[in-house]
Amino acid sequence: VGGPSTPAQVYHMLRRQAIRKMRRPLIGISPKSLLRHPLAVSSMDELLNGTFQTVIGEIDNLDPKKVKRVVMCAGKVYYDLLEQRRKNEQDNVAIIRIEQLYPFPHEDVKAVLAPYSHVTEFVWCQEEPLNQGAWYCSKHNFEYVIPKGAKLSYAGRPASAAPAVGYASLHNKQQRELIEQALTL
């Protein structure tokens with residue numbers, strides 16, 4: 001699994017794992033900061049009647065015809081992208097959350113991307129350095145699900161031997177840059 005981005009997703013991920021007949025290891029990656037994030041919420045109906053969603057489409061009321069770029073991401077970075085896009089009042093960038101990276105949900109992602117078949121700019125955005133996170137191990141899956149002839153690019157931190165830069169100020173600067181890189185046409 002990738003990074004479940006809502007409480008309902010975490011619940012349904014664990015529930016799905018518990019009721020499966022075939023037991024396999026589950027790797028769920030989720031930072032503690034999502035426990036406190038004001039946008040990372042679920043309704044009681046989502047918990048009671050929902051299911052695990054391998055991909056979550058655009059949640060804002062955007063006109064798909066106006067969209068010129070689709071940003072795909074997983075986990076916490078979604079909320080940074082969403083907040084900045086709303087702050088910028090952008091209506092030409094859609095944000096798609098991929099909640100399960102392995103096994104990759106090809107058909108589910110294609111279905112969510114269907115309204116954006118005219119888009120030629122797709123971006124994978126991640127907080128992790130280039131040589132970590134999902135980019136290297138899932139790039140071929142991202143390329144498979146985007147429309148033929150579309151361009152796929154990366155928005156994230158440069159390659160690094162360490163998972164974190166070690167300085168809060170540098171981390172915050174890199175975070176702002178990767179969000180801007182993902183949202184700027």
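This is a predicted model: local features need pLDDT of at least 70, side-chain atom pairs count only at pLDDT 80 or more; totals for chains, interfaces and linings use all residues.
Reader: Which residue in strand 3 stands opposite valine 55?
Author: Strand 1 and strand 3 (residues 93–98) run antiparallel and are joined by two bridges. In strand 3, the residue opposite valine 55 is isoleucine 98.

Reader: Which residue in strand 3 stands opposite methionine 72, and how many bridges join strand 2 to strand 3?
Author: Methionine 72 stands opposite isoleucine 96 in strand 3. Strand 2 and strand 3 run parallel, and the number of bridges that join them is five.

Reader: Are the residues of strand 2 buried or exposed?
Author: From strand 2, Arg69, Val71 and Cys73 point one way, while Val70 and Met72 point the other way. Five of the five residues of this strand fall in one class, so strand 2 is largely enclosed by the rest of the structure. On both sides of the strand, then, these residues are buried.

Reader: At roughly what angle do the axes of helix 3 and helix 6 cross, and how do the residues of their contact divide?
Author: The axes of helix 3 and helix 6 (residues 168–183) come within 10 Å and cross at roughly 65°, and the crossing is right-handed. On the side of helix 3 the contact includes Val77, Leu81 and Arg85, and on the side of helix 6 it includes Gln175, Leu178 and Ile179. By class, the residues of this contact divide into six nonpolar, three polar and two charged.

Reader: Within what arc do the buried residues of helix 4 fall, seen down its axis?
Author: The buried residues in helix 4 (residues 106–113) are Val109, Val112 and Leu113, whereas Glu107 and Ala111, on the other side of the helix, are exposed. An α-helix has 3.6 residues a turn, so residues three or four places apart point the same way. The buried residues of helix 4 pack against strand 1, strand 2, strand 3, strand 4 and helix 5 (135–145). They line one face of the helix, because seen down its axis they fall within an arc of 95°.

Reader: Is cysteine 137 buried or exposed?
Author: Cysteine 137 has its place in helix 5, and its C-alpha atom is separated by 20 Å from that of arginine 24, 113 residues apart along the chain. Since a relative accessible area over 50% is required for the exposed class, the value of 51% for cysteine 137 makes this residue exposed.

Reader: What separation do the C-alpha atoms of serine 5 and isoleucine 98 have?
Author: Serine 5 lies in the segment before helix 1 (7–19) and counts as buried, at 2% relative accessibility. Not counting residues up to four places away in sequence, serine 5 touches Leu34, Ala40, Ile56, Gly75, Tyr79, Arg97 and Glu99. Although serine 5 and isoleucine 98 are 93 residues apart along the chain, their C-alpha atoms are separated by 9.4 Å.

Conventions:
Residues are numbered from 1 along each chain as its sequence is written. Side-chain values use heavy atoms; hydrogens and water are left out. Two strands pair if DSSP finds at least two bridges between them. Helices (H or I, at least four residues) and strands (E, at least two) are DSSP runs, numbered from the N terminus. Axes are lines fitted to C-alpha atoms, for helices over the stretch in contact, and angles run from 0 to 180 degrees between N-to-C directions. A crossing is left-handed if the near helix is turned anticlockwise from the far one by less than a right angle, and right-handed if clockwise. Contact means heavy atoms within 4.5 Å. Ala, Val, Leu, Ile, Met, Phe, Trp, Tyr, Cys and Pro count as nonpolar, Asp, Glu, Lys and Arg as charged, and the others, Gly among them, as polar. Buried means under 20% relative accessible area, exposed over 50%, partly exposed in between (1.4 Å probe, protein chains only). The arc is that of the directions from the helix axis to the C-beta atoms.
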